[in-house]
Amino acid sequence: MVQTMKIGRRDLMAVYDRLHRAFGPQGWWPGETPFEVAVGAILTQNTNWGNVEKALANLKGAGLLTPRRMAAMEPRRLAALIRPAGFFNLKAERIGCFLRYLAKRHGLRMEGLLTADPGRLRRELLEVRGIGPETADSILLYAAGHPFFVVDGYTRRIFSRHGFVDHDVSYDHLQEFFTRRLPEKAALFNEFHALIVTLGKQFCRPRSPRCEACPLDPP
DNA sequence: GACCAGGCACATC
DNA sequence: GATGTGCATGGT
């Protein structure tokens, strides 16, 4: 049994409204194509987005940010290009796994992935080595536009510190916490998650016992 | 120099 | 099932 405070739909929408008023529309994901979103989702695993941008710029600058060209690359070359994103050997391997899935299941075309059945696509993505629930849901929501709420470290930290959920709540339970209380709209899930990340970066540091001057606290 | 960042897989108990 | 560890760069 997951311990969650009694917070209803209106309360959670009120949280969203406060964040939206505080930070404005976020316009995520910061990527130009669905493929860039998918690659970025892997590159940003436990990594500062600024470093991911450097890696993506390397790929773009070399004209290599396409499924075919990346699938044809030597893993060593790919790793060198994404080096600024950290964990570069690991991530080169994970991108390779995703590309092999894309080739096998969708003919190496993102159009195929984007038109696949959402539930089945999620199950398949989770079978890809190196794609966990957050990465899968990021691809589903931000590349394909399907209403899957993306849960990340900030989400868990912020909502547990405010007493809405346990600090060690599982990914699936925390995702359910949101999906049970929100209208199933991709645009809302998109903006809410982005706002949570923005809030976390600015107000919810790991070491501080609670958020300082948090926009979610009463004024 | 320590801390942190939009995770995930795997080993061990 | 819970807990610990490796993976790595770059900004603050």
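The legends below describe close-up views of a predicted model.

Local features are reported where pLDDT is at least 70, and side-chain atom pairs count only at pLDDT 80 or more, while totals for chains, interfaces and linings use all residues. Residues are numbered from 1 along each chain as its sequence is written, and chains are lettered from A and ligands numbered from 1 in the order in which they are written.

**View 1. The two domains of chain A.** Domain 1 consists of residues 9–27 + 149–203, and domain 2 of residues 34–143; such bounds come from an automatic or database domain assignment. The centres of the two domains, taken over C-alpha atoms, are 25 Å apart. Domain 1 contributes 7 residues to the contact and domain 2 contributes 6 residues, where two residues are in contact if their C-beta atoms, placed from the backbone, lie within 7 Å. On the side of domain 1 that touches domain 2, helix H12 (residues 186–203) gives the most, with 3 residues. Helices (H or I, at least four residues) are DSSP runs, numbered from the N terminus. That side of domain 1 has 5 nonpolar, 1 polar and 1 charged residues. Here Ala, Val, Leu, Ile, Met, Phe, Trp, Tyr, Cys and Pro count as nonpolar, Asp, Glu, Lys and Arg as charged, and the others, Gly among them, as polar.

**View 2. The contact of helix H1 with helix H12.** The axes of H1 (residues 9–23) and H12 come within 10 Å and cross at roughly 65 degrees. Axes are lines fitted to C-alpha atoms, for helices over the stretch in contact, and angles run from 0 to 180 degrees between N-to-C directions. The crossing is left-handed, that is, the near helix is turned anticlockwise from the far one by less than a right angle. Tyr 16, Leu 19, His 20 and Phe 23 of H1 meet Phe 192, Leu 195, Thr 198 and Leu 199 of H12. This contact has 6 nonpolar, 2 polar and no charged residues.

**View 3. The surface near DNA strand B.** A residue is near a strand if its C-beta atom, placed from the backbone, lies within 6 Å of it. Of the 28 residues around DNA strand B, Gln 45, Gly 132, Thr 135, Gly 153 and Arg 207 come nearest. Helix H9 (133–143) supplies the largest share, 4 residues. By class, this surface has 11 nonpolar, 11 polar and 6 charged residues.

**View 4. The surface near DNA strand C.** The residues around DNA strand C include Asn 46, Arg 83 and Phe 88. Helix H6 (88–106) and helix H3 (49–61) each supply at least two residues, and H6 gives the most, with 3 residues. The surface near DNA strand C divides into 4 nonpolar, 7 polar and 1 charged residues.
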